[in-house]
Amino acid sequence: MSEAPSPHVRRSRRVALIAVVSCVAVAGGIGAWLLLGSDANPGSCEELLKDKRVHEALGGNYKAGLSCSELGTAVRKATVGSTAGQHSLPQAQAMKDVLMAVEDSLETTGGGLDPILRPPLAESLADYAADTDAILGIGDAEYVSNSSYSKPAWEDADGVHMAVPRTSLLRTVRAVSEDPTAYTTLRIAATRHAAEGLAAVERGADGAELTAPPARIARTLGTLDAVAADTRRDLGENQAAQWERDVFEGLTEKTPESPSYSKNPVDHLVDSWRRTLSADGAGNSATALEEQSADMVSAWGKALGLDSTVQNSLREDSLDDSYHARSDALRELE
């Protein structure tokens with residue numbers, strides 16, 4: 001497993017970010033993310049295009065001289081199928097190969113990822129929300145045993161899966177999340193997967209069947225909270241504030257009235273949370289976002305008709321689990 005970036009590497013990354021922000025400010029600031037998303041100053045794309053694992057992953061979509069934007073498109077084509085969240089073994093293996101190559105490129109670039117590659121890589125990763133949840137969340141023995149670079153993607157009764165080491169994936173998600181749109185894409189995918197996990201619990205469940213799903217979503221969402229906190233810290237006050245606003249707007253725009261839980265439990269939980277975030281996050285969206293798992297668990301407990309004491313206990317446990325997951329992930333990112 002690769003070691004976390006050294007303090008020297010993190011300082012270098014901050015210096016690079018400050019330089020970019022200065023250029024953006026000269027240009028007027030309004031088009032900051034558009035400017036950062038250009039094909040200029042490739043870096044990690046050049047490293048990836050030299051990697052044989054990327055050649056194999058892209059297959060027929062690989063050709064010499066791909067631009068960074070073309071590479072992102074090729075990665076999506078190689079890793080994402082026609083049905084959301086369902087993959088063939090070659091697609092899952094391609095995703096693993098790309099992630100391994102990205103991890104190595106981050107070592108070379110000091111943790112940086114070409115801006116134009118962030119959104120398409122986030123879109124590909126979002127389609128693997130079940131896998132990323134198992135890796136970044138509460139943990140899964142099968143994913144751990146299959147996370148080494150020598151282990152291929154695999155298939156079982158639940159479908160096709162791929163795994164990489166937790167720290168490797170965490171660092172890649174962190175690099176991708178410099179772009180607020182990319183982070184929003186990953187957060188929405190994690191939110192929907194979390195809602196699916198809660199909605200699978202049958203009414204009348206108790207014991208671990210009732211408490212395990214909230215703990216699982218709290219660990220994953222808390223880890224993503226750490227990614228957001230680390231991103232804001234490295235961007236600096238002004239750019240961090242803009243990043244936070246962009247994420248908040250991306251998560252709350254065009255939020256529909258939530259359907260009833262009985263009619264569509266997943267959409268009910270997702271849309272109920274988005275409306276809660278919209279209402280509570282106007283003043284401090286970072287704090288509101290860090291209460292996501294608790295807010296979703298509260299909406300879920302109410303929909304299931306759980307006793308108020310049980311609802312309160314599950315909410316408090318979610319807040320606690322999310323906080324510890326955030327703290328653990330922040331230490332990994334240091």
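Q: In this predicted model, how do the residues of the lining of the largest pocket divide into nonpolar, polar and charged?
A: The largest pocket of this predicted model holds about 930 Å³ of space, and 35 residues form its lining. Sorted by class, the residues of that lining divide into 15 nonpolar, 10 polar and 10 charged.

Q: Which residues of the lining lie nearest the centre of the largest pocket?
A: The elements that give two or more residues to the lining of this pocket are α8, α9 (141-145), β2 (159-161), α11 and α12. Among the 35 lining residues, those that lie nearest the centre of the largest pocket are Ala129, Ala130, Asp131, His193 and Glu196.

Q: What volume does the largest cavity have?
A: A search of the whole structure for cavities of 30 Å³ or more finds 4 of them. For the largest cavity, the computed volume is about 170 Å³.

Q: Which element supplies the largest share of the lining of the largest cavity?
A: The lining of the largest cavity receives at least two residues from each of α7 (118-126), α8 (129-136), α11 (180-199) and α12 (208-235). By class, this lining has 12 nonpolar, 3 polar and 1 charged residues, and of its 16 residues the closest to the centre of the cavity are Thr132, Leu186, Ala190, Thr220 and Leu224. The largest share of the lining, 5 residues, comes from α11.

Q: Is serine 285 buried or exposed?
A: Serine 285 has its place in helix α15, which covers residues 285-289. Its relative accessible area is 11%, and because this value is under the 20% cut-off, serine 285 counts as buried.

Q: How many of the 11 residues of helix α10 are buried?
A: Helix α10 spans residues 166-176 and is mostly covered. Its buried residues include Thr167, Leu170, Arg171, Arg174 and Val176. Of the 11 residues in α10, the number that are buried is 10.

Conventions
Residues are numbered from 1 along each chain as its sequence is written. This is a predicted model: local features need pLDDT of at least 70, side-chain atom pairs count only at pLDDT 80 or more; totals for chains, interfaces and linings use all residues. Side-chain values use heavy atoms; hydrogens and water are left out. Helices (H or I, at least four residues) and strands (E, at least two) are DSSP runs, numbered from the N terminus. Buried means under 20% relative accessible area, exposed over 50%, partly exposed in between (1.4 Å probe, protein chains only). On a 1 Å grid over the protein atoms alone, a cavity is a set of points where a 1.4 Å probe fits but cannot get out, and a pocket is an open set with protein on both sides within 12 Å along at least five of seven lines; lining residues have an atom within 4 Å of a point. Grid points are joined across faces, edges and corners, and a volume is the space filled by probe spheres set on the points. Ala, Val, Leu, Ile, Met, Phe, Trp, Tyr, Cys and Pro count as nonpolar, Asp, Glu, Lys and Arg as charged, and the others, Gly among them, as polar.
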